[in-house]
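Please keep the sequence and the coordinates at hand while reading.

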Amino acid sequence: MDQDEVVVRLSHDEALVLFEWLSRTDELTNDFGDLVEDQAEQRALWNLTCLLERVLVEPVRSEHRELVEQARSRLRDED
């Protein structure tokens, strides 16, 4: 591992739910523009979105919405 690299491990459900949120937020805020103080934050969010997009197959599957909802359900705290 490169000294300048940080490795973060996510479950598949966490990655899918995070990707969905990042994608939706990017779209709703016009490229994260309404959420960031500095363009570097925007770049970091775009990079994270791209990294997740590379490892997930669900975003291109026809049942994408159902798969996201299932992942959300598994991640929710139990009442």
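**Basis of the model**

The model is predicted: local features need pLDDT of at least 70, side-chain atom pairs count only at pLDDT 80 or more, and totals for chains, interfaces and linings use all residues. Residues are numbered from 1 along each chain as its sequence is written, and side-chain values use heavy atoms, with hydrogens and water left out.

**Overall fold**

The protein has three helices and zero strands, and its pattern along the sequence reads α-α-α. Helices (H or I, at least four residues) and strands (E, at least two) are DSSP runs, numbered from the N terminus. The C-alpha trace spans about 35 × 35 × 30 Å along its principal axes.

Of the 79 residues in the protein, 24% are buried. Buried means under 20% relative accessible area, exposed means over 50%, and partly exposed lies in between (1.4 Å probe, protein chains only). The protein exposes about 6,300 Å², and carbon and sulfur atoms supply 48% of that area. Accessible areas come from the Shrake-Rupley method with a 1.4 Å probe; for residues, only the protein chains shown count as cover.

A contact means heavy atoms within 4.5 Å. Among contacts between residues at least 6 apart in sequence, 59% join residues at least 24 apart.

**Nonpolar core**

In soluble globular proteins, nonpolar side chains tend to be buried together. A nonpolar core is here a set of buried Ala, Val, Leu, Ile, Met, Phe, Trp, Tyr and Cys residues joined through side-chain atoms within 4.5 Å. The largest such core has ten residues: Ala15, Leu16, Phe19, Leu22, Phe32, Leu52, Leu56, Leu67, Val68 and Ala71. H1 and H3 each supply at least two residues of this core, and H1 gives the most, with four residues.

Phe32 is one of the core residues. Not counting residues up to four places away in sequence, Phe32 touches Leu22, Thr25, Asp26, Gln42, Leu45, Trp46 and Thr49.

**Salt bridges**

Side chains of opposite charge can pair when their charged atoms come close. A salt bridge is a side-chain nitrogen of Lys or Arg within 4 Å of a carboxyl oxygen of Asp or Glu.

| Side-chain pair | Type | Distance |
|---|---|---|
| Asp13 and Arg74 | salt bridge | 2.7 Å, N to O |
| Glu69 and Arg72 | salt bridge | 3.5 Å, N to O |
| Arg76 and Glu69 | salt bridge | 2.9 Å, N to O |
| Arg65 and Glu20 | polar contact | 2.6 Å |
| His64 and Glu20 | polar contact | 2.8 Å |

Asp13 and Arg74 form a salt bridge. This pair links distant parts of the chain, with Asp13 in helix H1 (residues 12-28) and Arg74 in helix H3 (residues 64-75), 61 residues apart. Asp13 is buried, at 16% relative accessibility, whereas Arg74 is exposed, at 54%.

Glu69, Arg72 and Arg76 are linked in a network of salt bridges. Within this group, Glu69 and Arg72 both lie in helix H3, three residues apart, about one turn of the helix. The members are partly exposed: Glu69 has a relative accessibility of 35%, Arg72 of 22% and Arg76 of 48%.

Which residues does Arg65 touch, leaving aside its neighbours within four places in sequence? Arg65 is in contact with Glu20 and Arg72. Arg65 lies in helix H3; Arg65 and Glu20 are 45 residues apart in sequence and 9.5 Å apart in space, C-alpha to C-alpha.

His64 also lies in helix H3 and is buried, with a relative accessible area of 13%. Beyond its neighbours within four places in sequence, His64 is in contact with Glu20, Glu58 and Pro59. The side chain of Glu20 is the partner in the polar contact made by the His64 side chain.

**Surface patch**

Val6, Val8 and Leu10 form a nonpolar patch on the surface, with about 310 Å² of accessible area together. Patches are made of residues with over 30% relative accessible area and no salt bridge; like charges are joined within 9 Å, nonpolar side chains (Val, Leu, Ile, Met, Phe, Trp, Tyr) within 5 Å. Leu10 is found in the segment before H1 and is partly exposed, at 40% relative accessibility.

How values were computed. Polar contact = N/O pair within 3.5 Å; in protein donor to acceptor, adjacent residues only side chain to side chain.
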